[in-house]
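Open the model in your viewer and keep the selection tool at hand. The tour has two stops.

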Amino acid sequence: MSTIAAFYGGKSILITGATGFLGKVLMEKLFRTSPDLKVIYILVRPKAGQTLQQRVFQILDSKLFEKVKEVCPNVHEKIRAIYADLNQNDFAISKEDMQELLSCTNIIFHCAATVRFDDTLRHAVQLNVTATRQLLLMASQMPKLEAFIHISTAYSNCNLKHIDEVIYPCPVEPKKIIDSLEWLDDAIIDEITPKLIRDWPNIYTYTKALGEMVVQQESRNLSIAIIRPSIVGATWQEPFPGWVDNINGPNGIIIATGKGFLRAIKATPMAVADVIPVDTVVNLMLAVGWYTAVHRPKSTLVYHITSGNMNPCNWHKMGVQVLATFEKIPFERPFRRPNANFTSNSFTSQYWNAVSHRAPAIIYDCYLRLTGRKPRMTKLMNRLLRTVSMLEYFINRSWEWSTYNTEMLMSELSPEDQRVFNFDVRQLNWLEYIENYVLGVKKYLLKEDMAGIPEAKQRLKRLRNIHYLFNTALFLIAWRLLIARSQMARNVWFFIVSFCYKFLSYFRASSTLKV
Ligand SMILES: CCCCCCCCCCCCCCCCCCCCCCCCCCCCCC(=O)SCCNC(=O)CCNC(=O)[C@H](O)C(C)(C)COP(=O)(O)OP(=O)(O)OC[C@H]1O[C@@H](n2cnc3c(N)ncnc32)[C@H](O)[C@@H]1OP(=O)(O)O
Ligand SMILES: NC(=O)C1=CN([C@@H]2O[C@H](COP(=O)(O)OP(=O)(O)OC[C@H]3O[C@@H](n4cnc5c(N)ncnc54)[C@H](OP(=O)(O)O)[C@@H]3O)[C@@H](O)[C@H]2O)C=CC1
């Protein structure tokens, strides 16, 4: 029997961000490996016209939870959705719910965050910093609390090149920032934001760094751990390979490339593509929860869960495998044939943006206008290019993350726990993983049917023929214009034509002789 699975039996677990990508996989694994846990409290807000209950039912009815329903048929009874908005004071939790949370919670997994790179400083600080402080305050009033696990990101200190498993101080105290945001107006905040975030590439990574500092400052005598995953990707093995449910990080890029919108991306091909499967992250989270509660380390331990130092893959290898998978498993109705390359500098990047992205979008919009439809491709392309430019920082650099604590934890686990809660990324086969990833994007994100693959392949053939035809026509037009204007071009043309004529005459003569 797994020690970790047994540890969660009978426990009351509080999860924030349970409706997010990581949170769902965490809940799934908890229910599947510890079906005898007491309850999972999730802090949820109503969204997109759905009540809390509807949101929970939607999650439980998804394919991700199919196995859970077999091992834990009463899973609905074990989830207690609590109305909460982490942007509000006391999270807007009712008195009764708060009382229950304070008196019953044994373990907290704090996953909620805004992961948008372009959020306002006010909102990102509220969610990634102030809400963390508020949750720690709540945790300090929980008599049964055994561990508080805070999810940060490996990029919270991406202004450094080598990152250790320690909490680095930020130039400005989080408390000062929280206080000043209370009285500063939005226009001034926008003005001072670049000065505050300094060499962090965006507000997200900066506020996650502030969040870690808050954890350190407000830890009191709680048993706390911080987990820093790199780029969280689709599931590797559990509950099945390739599950993914949002367009963040590589997912949107895979869609944009597979649908033929994105044809070039400014990236350093040999830079490390530090993607880490979401189930690996979840396994580490559960192992850390157990270790923190049972061993109660004296200080807050930080755990890196990254792939680069143990089993590195670079963007070139990833890109080539993604494109190879599109040949086998194409996406439906692509705009153009999927084919992309990495550009290395701003000049070539601008060139490809003009030729391969903007020009086809403008041509397509003209076609839409001519056929009486609303043009939309240029707008879509501009948004895509904006998104890609925000990701560029991360695909043009490599970082080194030390993983002593993560390795120490691995060595502390029994062989059974190492199997059930496997976070040893050395066993990952990248080619297989990437293929399943692309397949997962097609099935679970785009909701495309595998039965449509033959038709998609036919369409790709048509697109390739159109591509060749278009290029040939373009070449002939350009050549015709050139020979009309240049004597030199005319001479070359005359030479080629007479050469071909002589070759054909010789060929015809020699075949007549043979007869
Ligand atoms: C021998 C042969 C040689 C060949 C060589 C081979 C070369 C082949 C190369 C081709 C490439 C092939 C594919 C390669 C696959 C890998 C690609 C790698 C790129 C991956 C980069 C990853 C970088 C991640 C960085 C991680 C850092 C930290 C990690 C974390 O801690 S947290 C998670 C990270 N957070 C995010 O990812 C959130 C980012 N998103 C945002 O902040 C916002 O969405 C936004 C970008 C600001 C855009 O906001 P908007 O207000 O405009 O609106 P919205 O969000 O609704 O989206 C607008 C439209 O944009 C689309 N979109 C959104 N996100 C993405 C995305 N990541 N990629 C693409 N598109 C995206 C979205 O669909 C919307 O579209 P619309 O609705 O149709 O308009
Ligand atoms: N994805 C990645 O690549 C990486 C993620 N991380 C970290 O992992 C954690 C989880 O990320 P991920 O699952 O990808 O993110 P998601 O965006 O998928 O999920 C975010 C979660 O936070 C919740 N949330 C946001 N705002 C509020 C609010 N005001 N009140 C209540 N809940 C709120 C969301 O709820 P709702 O559904 O209502 O919006 C959602 O459940 C984050 O801390 C992130 O920083 C770290 C490294 C990489």
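Begin with the second largest pocket. Bear in mind that the model is predicted.

Next, colour helix 14 (346-370) and helix 19 (453-485), the elements that each give two or more residues to the lining of this pocket. Which of them gives the largest share of the lining? Helix 14 does, with nine residues. The pocket holds about 1100 Å³ of space. If you colour its lining by class, you will find 18 nonpolar residues, 10 charged residues and five polar residues.

Now move to the second stop, a pair of helices. Select residues 121-139, which form helix 7, and residues 174-183, which form helix 8. At what angle do helix 7 and helix 8 pack? The angle is about 125°, and the two axes lie 11 Å apart. Helix 7 is therefore oblique to helix 8. The crossing of helix 7 past helix 8 is left-handed.

To see where the two helices touch, show side chains on both. On helix 7, pick Leu121, Arg122, Val125, Val129, Thr130 and Arg133. On helix 8, the partners in the contact are Pro174, Lys175, Ile177, Ile178 and Leu181. Sorted by class, the contact of helix 7 with helix 8 has seven nonpolar residues, three charged residues and one polar residue.

Note on methods: Residues numbered from 1 in each chain as written. Chains lettered and ligands numbered in written order. Predicted model: local features only at pLDDT ≥ 70, side-chain atom pairs only at ≥ 80, totals over all residues. Heavy atoms only, no water. 1 Å grid on protein atoms, 1.4 Å probe; cavity = no way out; pocket = protein on both sides within 12 Å on 5 of 7 lines; lining within 4 Å. Points joined across faces, edges and corners; volume = space filled by probe spheres on them. Helix = DSSP H or I, 4+ residues; strand = E, 2+ residues; numbered from the N terminus. Nonpolar A, V, L, I, M, F, W, Y, C, P; charged D, E, K, R; others polar. Axes fitted to C-alpha atoms, helices over the stretch in contact; angles between N-to-C directions. Parallel < 35°, antiparallel > 145°, perpendicular 65-115°, else oblique. Left-handed = near helix turned anticlockwise from the far one by under 90°. Contact = heavy atoms within 4.5 Å.
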